[in-house]
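Open the model in a viewer and keep the sequence panel beside it. The stops below each say what to select and what is found there.

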Amino acid sequence: MGDEARGLSEDVVDVLVVGAGFGGMYALHKLRGLGFSVRVLERGHGVGGTWYWNRYPGARCDIESLEYSYSFSAELQQDWGWTQRYPTQPEMRAYAEHVADRFDLRPHITFGVAVTTAAYDEDDGCWRVGTDAGDLITARFLVLATGVLSAASVPQFPGQERFRGRIVHTGSWPEDTEVDGLRVGVVGTGSSGIQVVPHLAERAGHLSVFQRTANYSISAANQPLAPEYVRDVKARYPELREQARRSFTGSTVPINRQSALAVDQEERDRRFEERWALGGFAFLGSFDDVTRDPEANRLAARFVEDKIRAAVDDPTTAELLVPTGHPIGSRRICVDTGYHATFNLPHVRLVDVRRAPITGLTEAGLRTADGEEHPLHLLVLATGFDAMTGSFVRIDVRGRGGVTLREKWADGARTYLGLQTAGFPNLFTLTGPGSPAVLCNMFLALEQHVDWVADLLVEMRERGARTVEPTVDAEQDWSEQVARAAERTLYPQADSWYVGANVPGKPRVFLPYAGGVGKYRRICEQVVVDGYRTFVFDADLTVV
Ligand code: N01
């Protein structure tokens, strides 16, 4: 039977998981293995989450494939063969499909169904979950594996309804999108824009890139994986995975522990050049203080700015592409292949919409405040996501007293460890706000969260507990720790999705935990060692 035809076979389960991305799939596998009944609801028509939806040309992971993959199965990580240093979206999707088949996950996933409501029933301590297909499912535990960069942020331009061309968002790219020979516009120059632009330039008749904020981007230095390198990593996988779990950034690439200010310029440039040649995120680890000390940061930024000037022929365009006004790394660093050089092509134009903002769409194209009309057949919105909270609050989630998650987080998301929020018993937000997930490798973060939730559910089964939620004090304390960790970095200095600045009206709160992946893991482990004292179980409630 096809996935579409397969209805919800059970309407009462132990655990309902929302989302069949890599977090949801692992949650399903792990919790079923522990004897829980589990159902997954997925709004897409296939597995992979982010890697299912983000199919824009050039979509590619910017963390290395040998790290950006599951570690829970030694056999899987030995058997699967990555082809390139940075996997393409089709390769990520093929991996997701392989995992779904290998662990026989599909029978437990319902595709093409979006969860719209979830209400906690205080009488029986269960969640009643509703979908856009009219299903109603009762679950003891609700695991939102909905992704942190999956609720698209889609600007509405005046006159949009009149535009005769097509509008697509990179985060839900339709497979039938035509590009060849067309006049194409891209709004947005974050990771998605920077990846899609060189690929659109290869096929479009004319390409206009509408840039509001220039971003720092590091060359990927992508390459096919050498067999001997793969063999070496696979031979040392257990050790390397553990090293990543205990590291600051979730990666095995070490940070150079020297200060950028402690060496002379020649040595500094040598180090920067070395890291630049390595490619990708490793550049930020050129020196220990690049992400913390303004002066060290400026030196790293200047090095990258010179690389931009060297790549772009027209000095005016080059200056526009040089980021200003934020420290390097304070907005998520981009990783590119040939982005800046794309602007040397005669049919590619950079349009400064900081100077002359977009005023709206016309029948034929996009208009800017200087009165210019840019004729377009296709408008690509690489405008990002309502990050870290959007995918959770777009579901009407109601906890104790009918309070919605949106209401509770109106002044900024508050969680305990990014995993649970007080007043919403038995609800888990995988890689939620307050966790370090988006600052590291998402697989590592997802596996840790799923394992941690699984341990808690087993603990509850052993205790005979019906519900669990964090104490208000623990949540308050954790929110303060998240804020303090951010204050020790340069992150809060930038307007970015890390602080919700990209979504009009979103409260400015630094959302991820910036204290390091290894430290976060130790904190989570200590909670268990201490007997979950920072949580309230329903057995405790009856005593009170
Ligand atoms: O989104 P973004 P993204 N008018 O928010 C612009 C991950 N990711 O999809 O900065 C004009 O970074 C906006 O301008 P400004 C990764 O974590 C990973 O690119 O607000 N411009 C900005 O330039 C990444 O950080 C991978 O001034 C408007 C852009 O749109 C995260 O996803 C690949 C506008 C949005 O940039 C998000 O990246 C892709 C408007 N009205 C994404 N509205 C890989 O692994 C928005 N913008 C490779």
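Helices (H or I, at least four residues) and strands (E, at least two) are DSSP runs, numbered from the N terminus. The expected span of a helix is 1.5 Å times one less than its number of residues. This is a predicted model, in which local features need pLDDT of at least 70 and side-chain atom pairs count only at pLDDT 80 or more, while totals for chains, interfaces and linings use all residues. Residues are numbered from 1 along each chain as its sequence is written, and side-chain values use heavy atoms, with hydrogens and water left out.

**Stop 1: helix H15**

Select residues 517-529, which form helix H15. At 1.5 Å a residue its 13 residues should span 18 Å, and the end C-alpha atoms are 19 Å apart, which agrees. Next, colour the buried residues of H15: Val-517, Gly-518, Tyr-520, Arg-521, Cys-524 and Val-527. Buried means under 20% relative accessible area, exposed over 50%, and partly exposed in between (1.4 Å probe, protein chains only). What covers these residues? The cover includes helix H7 (237-245), helix H13 (442-463), helix H14 (472-487) and strand S20 (535-537). Contact here means heavy atoms within 4.5 Å. After H15 comes Gly-531, with a positive phi near 75°.

**Stop 2: the ligand**

Now show distances to the oxygen atoms of the ligand. A backbone N or O atom of Thr-189 is 2.9 Å from a ligand oxygen, and a backbone N or O atom of Ser-191 is 3.0 Å from one. From Trp-497, a polar side-chain atom lies 2.9 Å from an oxygen atom of the ligand. On its own the ligand has 910 Å² of accessible area, of which the protein covers 86%. Accessible areas come from the Shrake-Rupley method with a 1.4 Å probe; for residues, only the protein chains shown count as cover.

**Stop 3: Arg-85**

Move to Arg-85, in the loop between helix H3 (74-79) and helix H4 (89-102). Is Arg-85 buried or exposed? Its relative accessible area is 9%, so Arg-85 is buried. Its side chain makes a polar contact with the side chain of Glu-64 at 3.1 Å. A polar contact is a pair of N or O atoms within 3.5 Å; within protein, one must be able to donate a hydrogen and the other to accept it, and residues adjacent in sequence count only if both atoms are side-chain atoms. A polar atom of the Arg-85 side chain also lies 3.1 Å from the backbone oxygen of Ala-221. Leaving aside neighbours within four places in sequence, the contacts of Arg-85 include Ile-63, Asn-222, Leu-225 and Leu-278.

**Stop 4: helix H9**

Select residues 294-311, helix H9. Its 18 residues reach 26 Å from first C-alpha to last, close to the 26 Å expected at 1.5 Å a residue. Among the buried residues of H9 are Ala-296, Leu-299, Phe-303, Val-304 and Ile-308. The buried residues pack against strand S10 (217-219), helix H8 (265-278) and helix H10 (315-321). At the start of H9, look for a side-chain oxygen of Asp-293 within 2.9 Å of the backbone nitrogen of Glu-295.

**Stop 5: Ala-214**

Ala-214 sits in the loop between strand S9 (206-211) and S10. With a relative accessible area of 7%, Ala-214 is buried. Not counting residues up to four places away in sequence, Ala-214 touches Leu-320, Leu-321, Val-322, Pro-323 and His-326. Draw a line to Glu-319: the two C-alpha atoms are separated by 9.8 Å, and the residues are 105 apart along the chain.

**Stop 6: Asn-426**

End at Asn-426, in the loop between helix H12 (405-408) and strand S18 (427-429). The phi of Asn-426 is positive, near 60°, in a residue other than glycine. Asn-426 is buried, with a relative accessible area of 0%.
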